[in-house]
Amino acid sequence: GAFDLILSFSTVSLQTIANANRFATPPRRHVFSLVSDPYAAGVGVSRQNHLNHPPYMTGHGNLAPVQQAFELAHQMLPTLRRVGLVWDTSEVNSVVTTTLARKVCESMDIVLVEANVENSNQIAEATASLLVRRVQAIWVSPDLIASHGAELIISKAKTAQIPVFTSIPTSGISGALFELGANYEVLGRAGGNLAADILDGRDPASVPVENLMPIRLKVNKLALANLREKWKI
C-alpha cells in the first residue's frame with residue numbers, strides 16, 4: 001500500500017520496518033517510539049550525532065530509568081543485596097536495559113541474579129530458579145516476554161514473600177511494590193505529535209533522535225503485607 005507515513009511502537013517493529021525501507025523505492029517516512037536504545041538497534045542511528053540517521057526516518061529513544069528504580073528499592077530495603085531478573089537475551093532492548101542494570105547493581109554492591117527465557121512458557125521455571133537462589137526481590141525490566149508474564153512472576157514472588165518492582169508502569173494495580181518507568185500516554189502523544197508534524201511537511205532528516213523519558217511512579221502499599229523482610233516506603 002502507498003502509505004504517507006509509518007508509525008511504529010517497539011524495537012522489533014522499528015527494525016522490521018527499517019530493514020524493509022532499505023529496499024523500498026521510495027522509502028516510506030517512518031516515525032518510531034517505545035525503543036529503549038535506537039542507537040543500538042542496528043538501523044543507522046548514530047549515538048554520537050543524533051541528526052545522523054536515514055533521512056526518511058526519525059523518532060524517540062525511551063531508555064527506562066533503571067538506576068532510579070534500583071536506588072528506590074535500596075532506599076526501601078537498605079540491606080538489599082540480591083535482585084532477580086527474568087529476561088530474553090534475543091531482545092535488543094532487553095540486552096540494553098540488562099547491561100545498564102548490571103552496571104548499576106555493581107556500583108551499589110547488589111548481585112543481579114539472572115534467569116533467561118526464550119518464550120513465555122519458561123517464565124514459571126525461570127522465576128522458581130531465582131527464588132531458589134535466594135533473591136530478596138525481583139525486577140521486571142522492559143523485556144517483552146517478562147512484562148507479558150509479570151502477573152505470574154508477581155504471584156510466585158508473593159508466595160515466596162518477596163516483592164517485585166518493575167520498570168513498566170501498568171494502567172491498573174499490578175501487585176508490584178512499585179512501578180517506575182515511562183508515562184506511556186505522554187510518550188504516545190509525543191510520537192503522534194511528531195508524526196503529525198512530519199505529515200504537515202516537517203523533514204524527518206532535520207529531527208534529531210533524542211531520548212525521551214517522562215517518568216511515572218506508582219507505589220502499592222498493599223504489597224508491603226506479608227513480606228519476609230522489612231521494606232519501608
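This is a predicted model: local features need pLDDT of at least 70, side-chain atom pairs count only at pLDDT 80 or more; totals for chains, interfaces and linings use all residues.
Along the principal axes, the C-alpha trace spans about 60 × 30 × 30 Å.

Residues are numbered from 1 along each chain as its sequence is written, and side-chain values use heavy atoms, with hydrogens and water left out.

**Overall surface and contacts**

Of the 233 residues, 48% are buried; buried means under 20% relative accessible area, exposed over 50%, and partly exposed in between (1.4 Å probe, protein chains only). The protein exposes about 11300 Å², and carbon and sulfur atoms supply 54% of that area. These areas come from the Shrake-Rupley method with a 1.4 Å probe; for residues, only the protein chains shown count as cover.

Contact here means heavy atoms within 4.5 Å. Among contacts with a separation of 6 or more, 74% join residues 24 or more positions apart. On the charge side, there are 20 positive and 19 negative side chains, and the centres of the two sets lie 7 Å apart. Lys and Arg count as positive and Asp and Glu as negative, with His and the chain ends not counted; each charge is placed at NZ of Lys, CZ of Arg, CG of Asp or CD of Glu.

**The nonpolar cores**

A nonpolar core is a set of buried Ala, Val, Leu, Ile, Met, Phe, Trp, Tyr and Cys residues joined through side-chain atoms within 4.5 Å. The largest one has 27 residues, of which Phe70, Leu80, Val83, Trp139, Phe165, Phe178 and Trp231 touch the most other members. At least two residues of this core come from each of α2 (66-76), β4 (82-87), α3 (92-107), β6 (137-140) and β8 (178-182). Helix α2 gives the largest share of this core, six residues. A second, separate core has 19 residues, including Val113, Ala126, Ile138 and Ala157.

Not counting residues up to four places away in sequence, Val83 touches Phe70, Ile110, Val111, Leu112, Val113, Val135, Ala137, Ile138, Trp139 and Phe165.

**Individual residues**

Ser94 sits in helix α3 and counts as buried at 0% relative accessibility. Leaving aside neighbours within four places in sequence, Ser94 is in contact with Trp87, Asp88, Ser141 and Asp143.

His30 belongs to strand β2 (residues 30-33) and is also buried, at 1% relative accessibility. With neighbours within four places in sequence set aside, its contacts are Ile6, Ser8, Leu14, Ile17, Ala18, Asn21, Tyr56, Met57 and Thr58.

Asn220 lies in the segment after β9 (215-219) and is buried, with a relative accessible area of 12%. Not counting residues up to four places away in sequence, Asn220 touches Ile173, Gly175, Ala176 and Leu177.

Ala205 is in the loop between α7 (184-199) and β9 and counts as partly exposed at 27% relative accessibility. Beyond its neighbours within four places in sequence, Ala205 is in contact with Leu51, His53 and Pro55.

| Pair | Separation in sequence | C-alpha to C-alpha distance |
|---|---|---|
| His30 and Glu185 | 155 residues | 20 Å |
| Asn220 and Gly188 | 32 residues | 25 Å |
| Ala205 and His53 | 152 residues | 7.3 Å |

**Backbone points to check**

Most residues other than glycine have a negative phi, and most peptide bonds are trans. The bond from Thr25 to Pro26 is cis, with omega near -5°, and Pro26 lies in the loop between α1 (11-21) and β2.

Leu34 has a positive phi, near 55°. Leu34 is in the loop between β2 and β3 (57-59) and is partly exposed, with a relative accessible area of 33%. Asp109 also has a positive phi, near 60°. Asp109 is found in the loop between α3 and β5 (111-116) and is exposed, with a relative accessible area of 55%.

Key
Helices (H or I, at least four residues) and strands (E, at least two) are DSSP runs, numbered from the N terminus.
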